[in-house]
Amino acid sequence: MRKPVAERNLDGYGAPPISWSRVLERLEKGFPQVPGSGGPGRHTCWLTTVRPDGRPHVMPLGVLWLDGALYFNTGPGTRKGRNLAHDPHCVITFATQEFDLVVEGRAERVTGERLHRVAEGYAAQGWRPSVRDDALHAEHSAPSAGPPPWYVYEVAPVKVFALGTEAPYGATGWRF
C-alpha cells in the first residue's frame with residue numbers, strides 16, 4: 001500500500017485527525033458480505049461510476065481489499081462495466097462501525113497472474129470462481145454483476161476520506 005503524501009483534518013468541531021494506520025487496519029480486516037459482519041448491522045459498499053453523458057451511476061457491490069488495493073468484479077455488459085470502459089474514474093464508499101470511507105481512484109482491469117491472485121482472495125472468503133480468458137467464471141455471483149464472464153477491476157486509492165462514526169469522531173482526508 002502506498003503511503004499518503006498529504007493529510008488534512010476536515011473536522012470543524014475540534015476532533016483530532018483520524019490516523020491513517022487506523023483506516024489501514026480497518027481495510028485489512030476486509031469487507032465480508034455475510035449480514036452483520038461488514039458494516040453497521042450489514043455489509044455496505046457502493047461503487048459510483050460516470051455514464052458517457054456525465055451522469056453518475058451508483059450500485060452496491062462486494063469489494064475485496066488485497067495487497068493495498070480494492071478489487072471488484074462485474075460483467076462487461078452491465079451499466080457499471082460499460083461506464084468503466086468509457087471512463088475508469090470511480091468512487092467506492094463503505095459504511096463500517098468505526099467510520100465511513102470514501103475512496104477515489106481509477107478502475108484498472110486485472111488480467112494474467114494478478115487475476116489468479118484475486119481469485120484466490122475471493123476463494124479465501126468462500127466464493128470460488130475459476131479464471132478463464134482473463135475473466136472470472138462461476139455458477140453464481142451478485143445479481144448486479146450480470147452473467148459471466150466477470151471482469152475484475154483494481155482501484156488503487158488516489159484520495160481517501162474517513163468520517164468517524166464513533167467517539168472521538170472526526171473527519172480526515174488523505175492524498176496518495
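The radius of gyration used here is taken over C-alpha atoms, and the globule rule that goes with it is 2.2 Å times the number of residues to the power 0.38. For 176 residues, that rule puts a compact globule near 16 Å, and the protein comes out at 16 Å, so the two agree. Keep in mind that this is a predicted model: local features need pLDDT of at least 70, side-chain atom pairs count only at pLDDT 80 or more, and totals for chains, interfaces and linings use all residues. Residues are numbered from 1 along each chain as its sequence is written, and side-chain values use heavy atoms, with hydrogens and water left out.

Let's start with the overall layout. The protein has three helices and eleven strands, where helices (H or I, at least four residues) and strands (E, at least two) are DSSP runs numbered from the N terminus. Taken along the principal axes, the C-alpha atoms fill a box of roughly 50 × 35 × 30 Å.

How much of it is tucked away? Of the 176 residues, 42% count as buried, meaning under 20% relative accessible area with a 1.4 Å probe, protein chains only. As for contacts (heavy atoms within 4.5 Å), take those between residues at least 6 apart in sequence: 62% of them join residues at least 24 apart.

Now zoom in on helix α3, which covers residues 112-124 and holds Leu-115. Leu-115 has a relative accessible area of 0%, so it is buried. Setting aside neighbours within four places in sequence, Leu-115 touches Val-110, Val-131, Asp-134, Ala-135, Leu-136 and Val-152. Leu-136 sits 21 residues away along the chain from Leu-115, and their C-alpha atoms are separated by 8.3 Å.

Leu-136 also turns up in the surroundings of Asn-73, a residue of strand β5 (residues 69-74). Is Asn-73 buried or exposed? Its relative accessibility is 11%, so Asn-73 counts as buried. What does its side chain pair with in a polar contact? The partner is the side chain of Tyr-122, at 3.2 Å. (A polar contact is a pair of N or O atoms within 3.5 Å; within protein, one must be able to donate a hydrogen and the other to accept it, and residues adjacent in sequence count only if both atoms are side-chain atoms.) Beyond neighbours within four places in sequence, the contacts of Asn-73 include Trp-127, Ser-141, Ala-145, Trp-150, Tyr-151 and Val-152. Val-152 is also on the contact list of Leu-115.

Key:
Buried < 20%, exposed > 50% of the residue type's maximum accessible area, 1.4 Å probe, protein only.
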